[in-house]
Structure formats: structure tokens, C-alpha cells
Amino acid sequence: QDAGNHTLLSEFILSGLSSRPELQHLLFFTVCFVYSMTLIGNLLICMATAHPTLHTPMYFFLRVLSVLDISTASVVVPKMLVSALSEDRSISYLGCVTQLYCVVFLASTEWYLLAAMAYDRYVAVCRPLRYPAIMSTRACLSMVLLSCCSGQVVSVVQTAWVFTLPFCGPRSINYFFCDIPPLVLLSCADTSRYERQLISATVLVIFTPFCLILLSYTCIISSILRISSAESRHKTFSTCSSHLTVVTLYCASGTLIYLQPKSSDSQEAKKILALIYTTVIPTLNPLIYSLRNKEVKEVLVRGMAVLMKK
């Protein structure tokens, strides 16, 4: 078939998490439960961190992180749930473009935000006297805006690159949402140039922030070890370990998915990694990051007490 078929393509078919009919209802209820937990947990974090007593840069960044997590899951999961119970698993060409754009934008923005959060912890631990001046409201808003702008650039470039490829083969995507690796597999053109570009983008989006995060935490750990109070060391280590846990999960799943985009042998494994990346981690973030935080829990308990009185 020739590349002209690319212009006639009006939709793709998503295979979903599994092609086995007997698993569809189990997958539906499992994913629905996880998605509900994502919404509930992250909405609680958004409400708690909006409390006047938690108006600090750390909680501001956590609130933005929760919004990104809700958005990422909401871009992927509803379509996956509908496909699990329906024989029609098609997604329009425009819908596929939009879904890929949103996923890449949200994931890239979140990576840059995690780097900003690491810098916030570095200033809090290593430059405590200058913390209010450095991490001002304007600085925090600028970091979030810069993260969004960077994510926007990455998303526009990657989406444009993918959808200029000719899709001359079957339109069935062996995935549960429109993502780069399964779409690259559908192309009948030589994608080696694009694969090199994607590896460069992966390094830029994942490894550059990751190196900045490691540098921040090297300085933080060095400062923590000089703290004489064991209680203060434990509290600081607890905050840092939460952030590093999230970063490690993102880095591991993201790099394994995007460093080998045309590896069809590992496509099923990539499905699991993508599920972790888009669905499981957004659910874990409130538990890892905030609900174990004493200040957040106190605000939530007080809020629940007020609601029960009403």
C-alpha cells in the first residue's frame, strides 16, 4: 500500500489492556476502582493544600501535581473503561491526536514540576534563611508556568512528528490509548530518524530533570547529615524520600517505554508500564506524598469534622 492511505485514515482501533473477553469485566471494575481512588485522593489533596495554614511553596506544588495527576488519568481512563465494555473500540483520528498531545503535555509538565519541587526542598534545607525570598509566590508561579510551557513545546513537537508519519498498515493499535510507541509501529516508513529524535527528547524531558533532582538531593543529604537533632533528620529524610520514590517510579516506567519505541517484542510489557505511568502512580501520589504528612492529615480531619457537624 502507498503512503497516500495516510490521508484517508479516519480512525484507529484500540486493542485495550487485553483481548480476552472473560477479563473485560474484571479489568473494568479494577481500573474503575483505581480511577476513583485517583480522583478522591488527589481532590482531597487539592482541598487540603488550599487551607490557609498550608500556603507554602511545597503544598502549592503538591496541589499542581494533584491537578496534573487527575488530568493524566482522566485523559486515558474513561476511554479505556468504555472500550472494556463495548465492542466498538475505535477512536477518531482527531481524538487520537488530541489524546497523544494531552498525555505528552501532562507527562512532560509533571517531570519539570518534579524538578521544581526538588529545588524547593533544596532551598528549604540548604538555604533556610533565604527560603522566603527565593521561593516567593512569583517564583513559584514562574516555575509552574515554565514547566507548562516546556511541556507544551515537547508535546507539540512530538505530536507533530508522529502524525506526519504515513500509516499504511493496519489501523489497530496494540495499546489502550494513543501513545508514541504503538503509533510508530503502525508506520510503513523508515522511522529511524524519528526514533533518534525521540531518544533525544526522552533524555531532555526525563534525564535532564532527573539529574537536576539528583544534584539537589545530593546537596540536601549532605546538609541533613550535618543536622544534630535526630528528629529533625528523620523528618527531613521522610519528606525527601517521598519525592524520590515518585521520581524513581516515573523515571523507570518512562524510560523503559520511550527509549525503544519500535520494539514490538516488549509491547505487552509496555502496556503494563503505561498503565503504571498513567493510572497507578497518580493514585499512589497522594499516599506517598501527602496523606502521610501530619499537617495535611490534620487539615483533612478538621475538615471532615466540620462536615459531619453540618
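Does Lys 270 count as buried or exposed, and at what relative accessibility? At 2% relative accessibility, Lys 270 counts as buried; buried means under 20% relative accessible area, exposed over 50% and partly exposed in between, with a 1.4 Å probe and protein chains only.

1. Basis of the note. This is a predicted model, in which local features need pLDDT of at least 70 and side-chain atom pairs count only at pLDDT 80 or more, while totals for chains, interfaces and linings use all residues. Residues are numbered from 1 along each chain as its sequence is written, and side-chain values use heavy atoms, with hydrogens and water left out.

2. Overall make-up. The protein has 11 helices and three strands, where helices (H or I, at least four residues) and strands (E, at least two) are DSSP runs numbered from the N terminus. In order from the N terminus, the elements read α-β-α-α-β-α-α-α-β-α-α-α-α-α. Of the 310 residues, 48% are buried.

3. Surroundings of Lys 270. This residue belongs to helix H10 (residues 267–290). The C-alpha atoms of Lys 270 and Ile 257 are separated by 5.7 Å, and the two residues are 13 residues apart along the chain.

4. Helix H2. Residues 24–49 make up H2, whose 26 residues should span 38 Å at 1.5 Å a residue; the end C-alpha atoms are 37 Å apart, which agrees. The expected span is 1.5 Å times one less than the number of residues. Buried residues of H2 include Phe 28, Val 31, Val 34, Tyr 35, Thr 38, Asn 42 and Ile 45. An α-helix has 3.6 residues a turn, so residues three or four places apart point the same way.

5. Kinked helices. For helix H8 (residues 192–224), the 33 residues should span 48 Å, and the end C-alpha atoms are 46 Å apart, which agrees. A kink of about 30 degrees in H8 is centred on Val 203.

6. Contact of H4 and H6. The axes of H4 (residues 93–126) and H6 (residues 137–162) come within 7 Å and cross at roughly 145 degrees; axes are lines fitted to C-alpha atoms, for helices over the stretch in contact, and angles run from 0 to 180 degrees between N-to-C directions. By class, this contact has 15 nonpolar, nine polar and no charged residues. Ala, Val, Leu, Ile, Met, Phe, Trp, Tyr, Cys and Pro count as nonpolar, Asp, Glu, Lys and Arg as charged, and the others, Gly among them, as polar.

7. Aromatic pairs. The whole structure holds 14 aromatic pairs: rings of Phe, Tyr and Trp (its six-membered ring) pair if their centres lie within 6.5 Å, and planes under 30 degrees apart count as stacked, over 60 as edge-to-face and the rest as tilted. Phe 12 and Phe 167 are edge-to-face, because their ring centres are 5.6 Å apart and their planes are at 85 degrees. Phe 12 lies in strand S1 (residues 11–14) and Phe 167 in the loop between H6 and strand S3 (172–173), so this pair ties together parts 155 residues apart in sequence. Both are buried, Phe 12 with a relative accessible area of 0% and Phe 167 with 4%.

8. Aromatic cluster. Tyr 93 and Phe 163 form an edge-to-face pair, 5.4 Å centre to centre with 75 degrees between the planes. Phe 12, Tyr 93, Phe 163 and Phe 167 form one aromatic cluster.

Technical notes: The bend at a residue is the angle between axes fitted to the seven residues ending there and the seven starting there.
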